[in-house]
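Hi,

Here is the structure for you to look over. My notes follow below it.

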Amino acid sequence: MKKTLLVLMVVMLILASSSVASAFLTYSFLTAPCYVGETSSSLATIICIGGGRNWSFSASGYPPGCSLKYDFGSSGTIVGTPSKPGFYVVTGSIRAETYKYNSSKKKYEWTSDYTSVYGSMTVYPARPEIQVTSPDEGEYKRPYEFEITTEVYGDSSGLSWDITSGDLPAGLSLDQNTGIISGIPEESGDYTFTITVINDVGSVVGASSTSREFTLTINDPVITITKESLNFGITLEPYSDILSVDIDGATWSAKDLPEWLILSADTGELSGTPPASGSYVFTAIAAIGSSYAEKEYTIIITDPDVAIT
């Protein structure tokens, strides 16, 4: 019986001298958003609650590219540049001295305590960085192309582009694989839209993204009338010719158009029957929106028996 009591007392002494989690020490594990390739001085903070001096921290399991920084205060921070996305479980311990009452000695004294630390960190894929602030201006009915250039830390194979609000001008589209806006604008004006670039590298934590609002201006075009001269005509015989411009969609009109001549506003076709010979001078006007071009023409009409060389 005495031997059993002695063994029990030895076990109790061993337990009393071992490091066990202390009710006097607790902690708070605070995390900030973490992204691959972004350096931070406080990706996560371990704050010791309790203790009065001589704190020390240890931890493992944090993301590659990171480390635990401890400056002899009551908190430790995980710092660095995460290099791989994923979920990370951080484990470790805090040791500190607490000033507490020793009932056996009937006095307060500094005592070494510790507590285990558990926390989690989520590292997302690198956030895309959109390099442009505004797209080039375009012209109505003129071929247009502009690239939403984007950089990302590490692997760029997971990038995709999307319009998440607003609309492009009719006739233009965004290639989701390259970030290139292209096409032939069918309307002029200012168009506001938001492009979101997504970086999805197949990580279990999902994708990261960056968005930016843009305004694209499509101007009315600079118009050039390309028809150099008009056909000759013969008195009392039907006359026809077609005006031309370097862009589709122009509306035609004219100043000082002869009474016998009709100009189609949609096609630029001239038609009519001249009643007499002579030189008929007028000015053709091609317009798109607020843009227009003018060109003076002369139609020479001769009598049937007059040859023009």
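In the protein chain, 60% of the contacts with a separation of 6 or more are between residues 24 or more positions apart. Contact means heavy atoms within 4.5 Å.

This is a predicted model: local features need pLDDT of at least 70, side-chain atom pairs count only at pLDDT 80 or more, and totals for chains, interfaces and linings use all residues. Residues are numbered from 1 along each chain as its sequence is written, and side-chain values use heavy atoms, with hydrogens and water left out.

The protein chain has one helix and 24 strands (DSSP runs numbered from the N terminus; helices are H or I, at least four residues, and strands are E, at least two). Its radius of gyration is 41 Å, well over the 19 Å that the globule rule gives for 309 residues, so the chain is more spread out than a compact globule. That radius is taken over C-alpha atoms, and the rule is 2.2 Å times the number of residues to the power 0.38. Along the principal axes, the C-alpha atoms fill a box of roughly 150 × 30 × 25 Å.

Buried residues make up 37% of the 309 (buried is under 20% relative accessible area, exposed over 50%, partly exposed in between; 1.4 Å probe, protein chains only).

**Val 281**

Val 281 is found in strand β23, residues 278–288. Val 281 is partly exposed, at 40% relative accessible area. Leaving out residues up to four places away in sequence, Val 281 touches Asp 256, Glu 296, Tyr 297 and Thr 298. Glu 109 is 172 residues from Val 281 along the chain, and their C-alpha atoms are separated by 113 Å.

Best wishes
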